[in-house]
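Trainee: I'm new to this one, and I'd like to know where the labels come from. Can we go through them together?

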Amino acid sequence: MSSPDSCSHGRRDAGPALPPTNDARAALPRGRAALARRLCACAALVGAMAAARGARADARTEARLHFRAGMELIAQKQYDEGIRQLQKANEILPHPNVVFNIARAHAEAGRIEQALAAYREYIASDPPDREQVTRIVAQLEQRLAAQRAAPAPEPQQPAAPAPQPPGAQPPGAQPPGAQQPAAGAPARPTDGQPAAGEQAPGGAQAPGGAQAPGARQAPGRGAAPVDAAGIVGAARTEDVYQETVITASRGAQSPLDSPNSTTIVTRQDIRLSGMTRIPELLRRVAGMDVMQITGGDENVSMRGFNSRLANKLLVLVNGRTVKNDVLGSTFWEALSIDVDQIERIEVVRGPGSALYGADAFAGIVNIITIEPGAGKSGFRAGYGDHQQGYGSVWASAREGDFAYRLSAGYTRYPRWTREVADDRIDLETSGQSQDLGAQNVRIDLRASQRLGPRRALDVGAGYARSELDVYGIGPFNDYNLEVTNADVAVAYRSENVNARAYYTNLDGYSLLNAAYLGHTLYAGRPQQHVANAELEFVKTLRAPASVVHDLHIGLGYRLKATAWSYLDDDMPIEHHGSVFLQDSMRLGERVTLVASGRLDYVPYLERLIPSPRGSVIVKPTDRQAIRLSGSTAFRSPTALEAYVDLPIQLALPGLEMLSTTRPPVRSGVIIDPEQIITAEASYLNQQSDYFEFEVTAYYNRVSDLIVLSEPQRTTLSQRAQGVGGLNPETGRYTSGLGGFENQCDVYHVVGGELGGRVYPVEGLDIFANYALNLSEQQRPDGCNALEDGRTSQHKVNAGVQVRTPVGVDGEVTFHYQSSQEWAEQVPMGTVIATNIYPLPAYTLLNARLGYRFPDNRAEISATVFNALDGIGDQPLQMHPFGNRIGRRFMGFFRYSL
């Protein structure tokens with residue numbers, strides 16, 4: 001997340017710096033048109049301040065402009081102005097390579113002392129070439145010592161003046177009427193150039209050995225310019241402010257070179273949004289489906305097929321999966337990190353099984369945290385209406401080759417709507433507060449030890465204890481979870497070999513929020529133990545000489561042990577294996593071919609599943625890319641889907657339905673993995689420093705979706721085989737069978753995404769995107785599944801970000817989603833039936849306004865979520881069974897040490 005401390009690092013002046021680019025519901029008054037007017041007024045005020053004060057633009061874009069200008073000026077030997085431009089870039093967005101170039105420019109200009117100061121600052125950032133630059137410093141120190149020890153030149157006796165004709169001016173004399181210099185002051189030449197030993201305007205070195213401001217020289221000596229080419233080497237001319245992604249290819253690259261369409265949620269985006277929920281940060285991504293059901297339950301998917309307990313998006317933290325293998329979903333409010341620890345979020349829009357295997361079905365979200373040792377220590381605290389609470393504190397430091405980042409936090413979100421009134425005597429409740437949506441206490445530690453050039457060892461651990469109010473699937477709606485998550489990880493990174501191992505543990509307690517007296521709350525204890533190991537070999541080579549290959553070869557092993565009261569007691573410990581290969585072949589300067597493939601062994605299926613991907617990337621210019629790609633992906637059955645064994649009590653007392661994927665009458669049934677075949681074409685343009693845009697079109701063929709089967713009543717023949725009848729364990733009569741199955745429909749999805757970002761003036765950043773999703777169900781003979789239109793055909797996201805040099809900044813975001821239709825199972829008397837439930841279109845408006853002071857160490861801000869609540873007759877719901885989403889305010893204070 002963007003932070004004031006990251007802005008001030010490496011500053012040269014005291015000016016303001018900018019962050020890098022990064023019962024019934026409580027009654028709410030209706031008809032709040034005045035609120036909309038106030039929000040518009042605030043936006044207009046911030047915009048006016050930006051225009052009047054010359055506010056700064058997107059940090060990365062503005063820093064890039066100053067960097068390029070500085071490097072061009074230095075190449076033309078205009079050192080002073082070039083250095084000032086580089087210093088400006090480094091103030092906006094600090095980067096070690098910019099400091100290196102500043103040092104090098106000082107050395108070329110003959111300012112050894114300033115060069116040494118900048119080189120030492122560069123070394124303090126602990127760069128990979130620290131030893132090499134330390135040798136440069138030693139050589140420059142020797143050169144400086146030699147200059148200081150050199151004898152002063154003997155003063156030359158002035159030659160006798162030559163005879164002048166009558167009326168002629170002697171050399172150096174001023175013309176009649178010219179101002180005479182003060183006594184002792186050097187005479188100025190008449191050509192406008194500074195005299196020897198005098199400083200030129202702007203600090204440029206004058207002929208005759210003048211120094212830059214602040215440089216020392218021995219009395220009576222001039223500092224001769226240094227021939228530094230043999231000492232300092234070449235400048236760092238690469239675009240250090242170019243955005244890079246690592247998720248799409250498992251290696252750092254520009255989005256222009258990515259084999260998949262990729263979106264980055266930057267630290268600037270995170271900070272200016274004011275959001276503390278990670279899913280709400282993802283809502284701005286084109287094609288993303290974000291659904292809040294309760295105060296503690298968010299479900300996220302990509303390009304459709306969202307659901308309760310969403311399971312089609314692979315979520316990673318620094319490349320480590322954080323999904324729960326019991327359900328296949330992600331409990332976003334149960335992570336050991338918060339938004340203040342996030343450097344950026346990379347979103348791969350499209351299947352990714354070719355590199356990441358099962359569950360990268362619709363896309364990948366990789367949350368990349370701030371590196372150990374980066375930034376300063378600090379804290380942020382927030383409080384809002386309905387007892388919202390947020391707290392985060394972190395400490396980050398570096399000592400030589402060792403660095404660490406320690407964070408801790410607390411979050412509390414209320415329910416959007418209250419499900420059970422205090423005076424209900426016909427219900428039994430779970431005991432969790434009926435006002436609580438989510439509560440999380442967390443701590444996270446990550447450390448890194450540099451082992452040498454391009455080699456490092458990373459270790460870390462995290463712990464979080466959470467209480468969540470979530471919606472399950474089928475008839476299980478309002479559900480309470482108390483869950484503990486813990487992880488321990490170790491990784492080795494080098495130029496050619498990367499290895500990682502981690503262990504995660506989930507331990508919890510689950511039960512329904514409420515049930516009628518005499519009905520069960522379905523108490524259970526979900527547990528999960530996962531051990532994961534990965535080994536990757538990376539190599540760049542030429543074969544033949546005209547083709548550059550970037551090879552990635554990897555092996556993986558994953559052990560899963562899961563248990564729950566709802567699962568078969570005979571569920572085995574699973575041993576998963578994988579191997580993948582990717583070759584990015586660069587054919588000249590404009591064309592790249594990417595071939596990827598992975599094999600996964602899934603123990604439940606007892607077979608290997610291949611996931612190929614191929615991409616062609618053509619770059620008409622260095623900052624434009626045309627991409628064509630095709631791939632397949634899969635999602636393997638979760639523990640619940642593969643091994644469910646749960647008697648579900650029906651609405652009529654004394655009756656139950658047995659939910660089991662493999663009932664005794666068909667014990668050989670196997671659930672196939674979900675499959676997707678996709679083709680995608682896109683065009684990305686970053687040609688201008690003032691705007692960028694991307695156009696994407698895709699086709700998806702989706703089959704074998706895993707869904708709840710239609711319940712079937714037990715028959716006399718089944719009872720003769722021991723299925724049905726009185727269940728002695730529960731005391732209820734088993735009247736039907738249910739479970740999971742592969743849906744017989746095949747979905748053909750055609751869609752597109754259009755998005756862009758514009759920087760019309762400094763300090764004003766505008767983004768917008770539109771997503772179209774058209775789905776058609778193909779029904780084979782005998783297939784009678786209900787049509788399910790749970791994916792909106794149209795989604796629009798737009799936002800305005802403003803930052804000013806006086807410290808005021810803010811953001812307003814707008815989101816629109818068209819109507820949906822959901823097919824959901826509900827208990828109906830003696831059966832469980834599937835019905836269609838419509839969901840109206842909705843509009844969401846969020847805003848934040850903040851002020852940074854003094855010297856960007858402190859910040860106060862306020863956010864509003866769903867500012868338009870009450871304007872219109874239809875309450876905002878994101879799922880037919882979900883809470884009615886209201887408006888929430890929250891205020892924050894942040895301080896950096």
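Predicted model: local features only at pLDDT ≥ 70, side-chain atom pairs only at ≥ 80, totals over all residues.

Trainee: What makes β9 and β10 a pair?

Mentor: Two strands pair if there are at least two bridges between them. Strand β9 (residues 388–399) and strand β10 (residues 402–414) are joined by 11 bridges, so they qualify as a pair. They run antiparallel, and Ala 395 stands opposite Leu 406 in β10.

Trainee: Which strand does β10 pair with over 13 bridges?

Mentor: That's strand β12 (residues 436–452), again in the antiparallel sense. Here Ala 408 has Ile 443 in β12 as its bridge partner.

Trainee: How do you know that β4 and β5 pair, and over how many bridges?

Mentor: Strand β4 (residues 313–317) and β5 are linked by two bridges, in the antiparallel sense. The cut-off is at least two, so this counts as pairing. Val 317 stands opposite Arg 320 in β5.

Trainee: Where do β4 and β5 come in the order of the open sheet?

Mentor: The sheet has five strands in the order β1-β6-β7-β4-β5, with mixed pairing. β1 (261–265) and β5 are the edge strands, each pairing on one side only.

Trainee: Which residues of α5 and α6 meet?

Mentor: Among them are Val 99, Phe 100 and Ile 102 in α5, and Ala 115, Ala 118 and Tyr 119 in α6. By class, this contact has 10 nonpolar, three polar and two charged residues.

Trainee: And what angle do α6 and α7 pack at?

Mentor: α6 and helix α7 (residues 130–149) pack at about 160°, and their axes are 10 Å apart. That angle makes α6 roughly antiparallel to α7. This crossing is left-handed too. The contact divides into 11 nonpolar, two polar and six charged residues.

Trainee: What makes the contact between Asp 359 and Lys 323 a salt bridge?

Mentor: The test asks for a side-chain nitrogen of Lys or Arg within 4 Å of a carboxyl oxygen of Asp or Glu. For Asp 359 and Lys 323, the N to O distance is 2.2 Å, so the pair passes. The whole structure has 60 salt bridges.

Trainee: Why does the pair of Asp 359 and Lys 323 tie together parts that are apart in sequence?

Mentor: Asp 359 lies in the loop between α11 (353–356) and β7 (363–369), while Lys 323 lies in the loop between β5 (320–321) and β6 (342–349), so the parts they join are 36 residues apart in sequence.

Trainee: Last stop, the backbone. What is the phi of Phe 305?

Mentor: Phi of Phe 305 is near 65°, a positive value in a residue other than glycine. Most residues other than glycine have a negative phi. You'll find Phe 305 in the loop between β3 (297–302) and β4.

Trainee: Is the peptide bond from Ala 543 to Pro 544 cis or trans?

Mentor: That bond is cis, with omega near -5°. Pro 544 lies in the loop between β17 (527–542) and β18 (547–563).

Note on methods:
Residues numbered from 1 in each chain as written. Heavy atoms only, no water. Contact = heavy atoms within 4.5 Å. Helix = DSSP H or I, 4+ residues; strand = E, 2+ residues; numbered from the N terminus. Nonpolar A, V, L, I, M, F, W, Y, C, P; charged D, E, K, R; others polar. Axes fitted to C-alpha atoms, helices over the stretch in contact; angles between N-to-C directions. Parallel < 35°, antiparallel > 145°, perpendicular 65-115°, else oblique. Left-handed = near helix turned anticlockwise from the far one by under 90°.
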